Amino acid sequence: MNQSFSADTSLSFLTENYKEITSRIAEAAIKSGRSPLDVRLMAVTKTVPPAYINHITGLGAGLIGENKVQELLGKLEFLDTENVEMHIIGHLQSNKVRKIINTVSMIQSVDSISLINEISRQAVNNGKTMEILLEVNIDGEDSKTGLPTELLDETAFAALEASGVKLRGIMSIPPICEDEKTARKYFEKTRVLYEDLKDKLGTRADIDILSMGMSGDFEAAIYEGSTLVRVGSSLFGARRY
Ligand SMILES: *Cc1c(COP(=O)(O)O)cnc(C)c1O
């Protein structure tokens, strides 16, 4: 616990939010027949000031996610990053990979073979392996980012070939749904892709992360097998851009 922040009562709403979200995650995990330890919480910190982020990580949130390389690097010197893991979750341009290769432990938003190859190259240059998830475009139509589902297999095999990356699973952002039932259909579809991939790669990879579910739908995602939920506004409040 970080002394300076635990004394700041103006941030106590964050403590309340954190307790509420972690207990809802635990309940949903149990309801889906799993242990609360099987579902990891990521605090999504885009637009969130460093003091808020440090408060949440001080409470025990060990994983944060940022969308933009520039924003993460700008905040970095103000963050207490000891025991905190950082992931990139937004669309990543190949020319930005070099800038974060030594900062983050995973890139969840990998959506092309060329990006895999660039991440691998930079990782090898820095004497490391970068963990990645493949972001699938589960929507098929509208969404601007993510891998078309029909390219998932060949992209996964390309990741196995790239010596600087370690493929851990799949990430998806379903479209905003009116109701939980519709949301669950997208999550189910993602889980099927995840399980197929696991079967296809067998012992050649350790596929164990299914990253899906955000503030509005993380319980539905957990019921469908999510192992990592990415929660922003329910933790920190509505974003002001
Ligand atoms: C912003 C964002 C989230 C969190 O969204 P909330 O609805 O605020 O919880 C999760 N995943 C990605 C990829 C995001 O960009």
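What follows is a short chat about those topics, based on a predicted model.

Visitor: Rings first. How many aromatic pairs does the structure hold?

Guide: One. F13 and Y52 make the pair.

Visitor: What's the geometry of F13 and Y52?

Guide: Edge-to-face. The rings sit 5.7 Å apart, centre to centre, with 75° between the planes. The planes have to be over 60 degrees apart for that label.

Visitor: Which helices do F13 and Y52 lie in?

Guide: F13 is in helix α2, residues 12-31. Y52 is in helix α3, residues 50-58.

Visitor: Is F13 buried, exposed or partly exposed? What about Y52?

Guide: F13 counts as partly exposed, at 31% relative accessibility. Y52 is partly exposed too, with a relative accessible area of 25%.

Visitor: OK, helix packing. At what angle do α7 and α8 cross?

Guide: Roughly 45°. Their axes come within 11 Å. Helix α7 covers residues 152-161, and helix α8 covers residues 180-201.

Visitor: What do you call that arrangement of α7 and α8?

Guide: Oblique. Angles under 35 degrees count as roughly parallel and 65 to 115 as roughly perpendicular, so α7 and α8, at roughly 45°, are oblique to each other.

Visitor: Is the crossing of α7 and α8 left-handed or right-handed?

Guide: Right-handed.

Visitor: Which residues make the contact?

Guide: From α7, L152, D153, A156, F157 and L160. From α8, L193, L197, K200 and L201.

Visitor: And how does the contact of α7 with α8 split by class?

Guide: Seven residues are nonpolar and two are charged. There are no polar ones.

Visitor: Where is T47 found?

Guide: In the loop between β1 (40-44) and α3. T47 is partly exposed, with a relative accessible area of 28%.

Visitor: And the phi of N83?

Guide: Also positive, about 65°, and N83 is not a glycine either. N83 is in the loop between α4 (69-76) and β3 (85-88).

Visitor: Is N83 buried or exposed?

Guide: Exposed. Relative accessibility is 72% for N83, and the cut-off for exposed is over 50%.

Technical notes. Residues numbered from 1 in each chain as written. Predicted model: local features only at pLDDT ≥ 70, side-chain atom pairs only at ≥ 80, totals over all residues. Heavy atoms only, no water. Phe/Tyr/Trp six-rings, centres within 6.5 Å; stacked < 30°, edge-to-face > 60°. Helix = DSSP H or I, 4+ residues; strand = E, 2+ residues; numbered from the N terminus. Buried < 20%, exposed > 50% of the residue type's maximum accessible area, 1.4 Å probe, protein only. Axes fitted to C-alpha atoms, helices over the stretch in contact; angles between N-to-C directions. Parallel < 35°, antiparallel > 145°, perpendicular 65-115°, else oblique. Left-handed = near helix turned anticlockwise from the far one by under 90°. Contact = heavy atoms within 4.5 Å. Nonpolar A, V, L, I, M, F, W, Y, C, P; charged D, E, K, R; others polar.
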